[in-house]
Amino acid sequence: MSKVDPSSEGTADASNEKAATPPQSAAHTTRRRLIIFAFWAVVVALGLPHWVWTTAVYRSDLPVDAMTSWSEGKACKVRFPITIDLQSSSMSVEQRASVTVRLDALLNVHGDASPYHYKVSPAADPSVSPTVILQLETDDSDSGLHYALDPWSPTVTVTRGPITPGDDDLLASQLHQVMQQIMVDEHASIALLLRDSPLQTNFRDGSAFTSRFESLQRRTTRAFKPAPSYHLTFSLFSGGSAPSSWDIKTATEQYVSPLLSALSSISNFTVDTQVQLHASISPAIAGPTFEAATNTWTLLATDLSGFVNAAEWQLSPGICL
């Protein structure tokens, strides 16, 4: 009696099932191919360009010509506008207009070779704040030309002899001379700043200020450590009952307040005054010394300990005068 191997029966059944699987139809095969094609079409047509676009490094074209023009100082002209108002009660309206035209021509004679563009007007324009106010006055007793700068306003007072109707050219020449003397330091500062720049070729007479460069460099290289606030104390030292008071309020309002008002945007300033009594100076102290050059008496800070009551006198905060 023969025996049948079970494993051989399983193999035979599997081969029969494979043989029994019906073949796929042509439509099913076509559909499957279309799905595969659509997948790769999306990958190639949309995914690959999007990946390239999101990972690419943008490189723009450099404006070489514009950059070269800026580096050579040819892109623009550096010019500072200066508005001048000419005011005088000694001239008629026609004469003042004539002097204004002549002065404007003299100040702008160098054109683009000058760092300044002057605009002279015979009367103040309320909509424009003038850079300089030229106030022309006459002095019958003095025929010379004098000018003075106001310390708190952009006003230049020019004084000369009597004005005659035919002095238009002379007046314009004298005012031009005054403006050149006023602006010489500013012109030298600009020449120093642009000395190593290609923009220096735009200006004439830049080498004429080399003698001022050393003093200007010392001025611009000074170091000063600012503070957010300063306290100024004005002290009157009295050795007896008199004087017991002093008119310091009027003095500070007239001389100190304008300066502190101009510096108020930098730091906060407070002003204090005091009258303090002191004993006679000890023989061990040399005492104050008189300086004839400045017409002042000076007492060294090291000598203050001989007669100053440190517990009462407030000499430590801020700046004490």
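1. At what angle do α4 and α5 pack, and how far apart are their axes? In this predicted model, the angle is about 45° and the axes lie 8 Å apart. The crossing of α4 past α5 is right-handed.

2. On the α4 side, this contact uses Gln95, Ser98, Val99, Arg102, Leu103, Leu106 and Leu107. Their partners in α5 are Asp168, Asp169, Leu171, Ala172, Ser173, Leu175, His176, Met179 and Gln180. By residue type, the contact of α4 with α5 has eight nonpolar, five polar and three charged residues.

3. Do look at the largest nonpolar core, which holds 24 residues. Ile84, Tyr118, Leu134, Leu175 and Met179 have the most contacts inside this core. At least two of its residues come from each of β1 (80–88), α4 (93–107), β2 (116–121), β3 (132–138), β5 (155–160) and α5 (168–193). The biggest contribution is from α5, with seven residues. Leu175 and Met179 also belong to the α5 side of the contact with α4.

4. Leaving aside residues up to four places away in sequence, Tyr118 touches Ile82, Ile84, Asp104, Leu107, Asn108, Met179 and Met183. Elsewhere, a second, separate core has six residues, among them Leu232, Phe234, Val256 and Leu260.

5. My next stop is the other helix pair. The axes of α5 and α6 (residues 210–220) come within 10 Å and cross at roughly 80°, which means that α5 is roughly perpendicular to α6. From α5, the contact draws on Val184, Asp185, Ala188, Ser189, Ala191 and Leu192; from α6, Arg212, Phe213, Leu216, Gln217 and Arg219 take part. Six residues of this contact are nonpolar, two are polar and three are charged.

6. Not counting residues up to four places away in sequence, Ser121 touches Ile84, Asp85, Leu86 and Thr100. Ile84 is also on the contact list of Tyr118. Between Ser121 and Ile133, twelve residues apart in sequence, the C-alpha to C-alpha distance is 9.9 Å.

Definitions and conventions. Residues are numbered from 1 along each chain as its sequence is written. This is a predicted model: local features need pLDDT of at least 70, side-chain atom pairs count only at pLDDT 80 or more; totals for chains, interfaces and linings use all residues. Side-chain values use heavy atoms; hydrogens and water are left out. A nonpolar core is a set of buried Ala, Val, Leu, Ile, Met, Phe, Trp, Tyr and Cys residues joined through side-chain atoms within 4.5 Å. Buried means under 20% relative accessible area, exposed over 50%, partly exposed in between (1.4 Å probe, protein chains only). Helices (H or I, at least four residues) and strands (E, at least two) are DSSP runs, numbered from the N terminus. Contact means heavy atoms within 4.5 Å. Axes are lines fitted to C-alpha atoms, for helices over the stretch in contact, and angles run from 0 to 180 degrees between N-to-C directions. Angles under 35 degrees count as roughly parallel, over 145 as roughly antiparallel, 65 to 115 as roughly perpendicular and the rest as oblique. Ala, Val, Leu, Ile, Met, Phe, Trp, Tyr, Cys and Pro count as nonpolar, Asp, Glu, Lys and Arg as charged, and the others, Gly among them, as polar. A crossing is left-handed if the near helix is turned anticlockwise from the far one by less than a right angle, and right-handed if clockwise.
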